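Q: I would like to learn to read aromatic contacts. Can we work through them one at a time?

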Amino acid sequence: MPYQYPFLDLNTLHAPYKERFKQILDHHLDDSSFINAPISADFLHAFSHYCQSDYGIGVNSGLDALTLMLRAYQILGALPKGAGVLVPSFTFIATILAILHNDLIPQFVDVGMDYLLDPKLVESAITPQSKAILVVHLYGQSANMRALQAVAQKHQLLLLEDAAQAHGALFEGQKVGSLGHASAFSFYPSKNLGALGDGGCVLSSDPQVIEMVRILGNDGAPRRDHALYAGFNSRLDSLQASFLHAKLPHLDCDNAKRRAVAQLYLEGITNPHIVLPPIRNFDEHVFHLFVIRTHARDRLQKYLAKHSIETSIHYPIPCHLQPLLSTYSHIDLPNTQRFSQEILSLPISPTQSLEATRFIIEVINGACLK
């Protein structure tokens, strides 16, 4: 039986766009503009401008965005094979896969109490092998980019952003995606700005990086039948770009609605065994996820399910403890390891009603978690 209070209801989320999406599909069917149509460039220009970055290039997915961003710097000479990339383990595995796909070495760093890279620990983890910091803006909140910018500049490291969960988030008034040398976004359907399928993009104010990502995503060929690199087929198809372009003007409003739900949670959840998410600046957070912590996580999840409330866990196994990365399992990352056992993501979306949110709060406060 479906949950009465789903984690994310994409049908309801997309309902206001249904007629517009049909018009978009009809347009693409009429002129067969499926790949590299002008709308793709229009959307990427609009999104890069929105993120306060100069240039953007579309790719197949968030993983491709991360992989090709790193590969571009590798070809441009800034990331030689075997170089170290300072990165959190408290992230989705795609962050690390992009490093591995480029024959780079993940140098795992623990997160702070805000679930984000701790700049002091980053600096202490730097080795002669280190060439880049890959920051993850997790759950919709930016990492401490001012401190990380200082570390990167001091040690002459690339500062790259995994912004897959932070569309529209800010740090001290500046948009995520424009705070490092380059950034990678995902447009997976559940993201704050989500397509109706897979998609992603790379942003940068360095036109060389963007052009290299374009070439790599075009089979390694700057033009047809002229391959220079072992590239990929990775483009943001025009139909998805059109859907995203239709949704982009509503992103700030949708993020404000997410904040309204988060505000109710923050004010209403009073169960003493629940740890609420740490917030640096509420107005700059976009609440891709609302993540609480409790020592009785599994018990609480089952209890909520009995009340028809769907939850999720982001993420139950840290990357350095995944079977793929068994050679890193000896690393001690105390916050990462502890948080992975305690976190629970509650339902949150722009279409979640205040009444539903209040019911979820009531159920959580009534949970016996001793």
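**Reading ring contacts**

A: Start with Phe-359, which is partly exposed, with a relative accessible area of 26%. Buried means under 20% relative accessible area, exposed over 50%, partly exposed in between (1.4 Å probe, protein chains only). The model is predicted: local features need pLDDT of at least 70, side-chain atom pairs count only at pLDDT 80 or more, and totals for chains, interfaces and linings use all residues. Residues are numbered from 1 along each chain as its sequence is written, and side-chain values use heavy atoms, without hydrogens and water.

Q: How many aromatic pairs does the whole structure hold?

A: A pair of aromatic rings is described by the distance of the centres and the angle of the planes. Rings of Phe, Tyr and Trp (its six-membered ring) pair if their centres lie within 6.5 Å; planes under 30 degrees apart count as stacked, over 60 as edge-to-face and the rest as tilted. The search finds 18. Tyr-5 and Phe-359 are stacked, at 4.8 Å centre to centre and 20° between the planes. Tyr-5 is buried, at 15% relative accessible area.

Q: Which pair is edge-to-face, with 85° between the planes?

A: Phe-108 and Tyr-328, 5.3 Å centre to centre. Both are buried.

Q: Which residues do ring pairs link into a cluster?

A: Phe-43, Phe-47, Tyr-50, Phe-185 and Phe-187.

Q: Where does the charged end of Lys-175 sit?

A: A charge sits over a ring if NZ of Lys or CZ of Arg is within 6 Å of the ring centre and within 35 degrees of the ring normal. Lys-175 has its charged end over the ring of Tyr-50, 3.7 Å from the centre. Lys-247 lies over the face of Tyr-17, at 5.9 Å from the ring centre.
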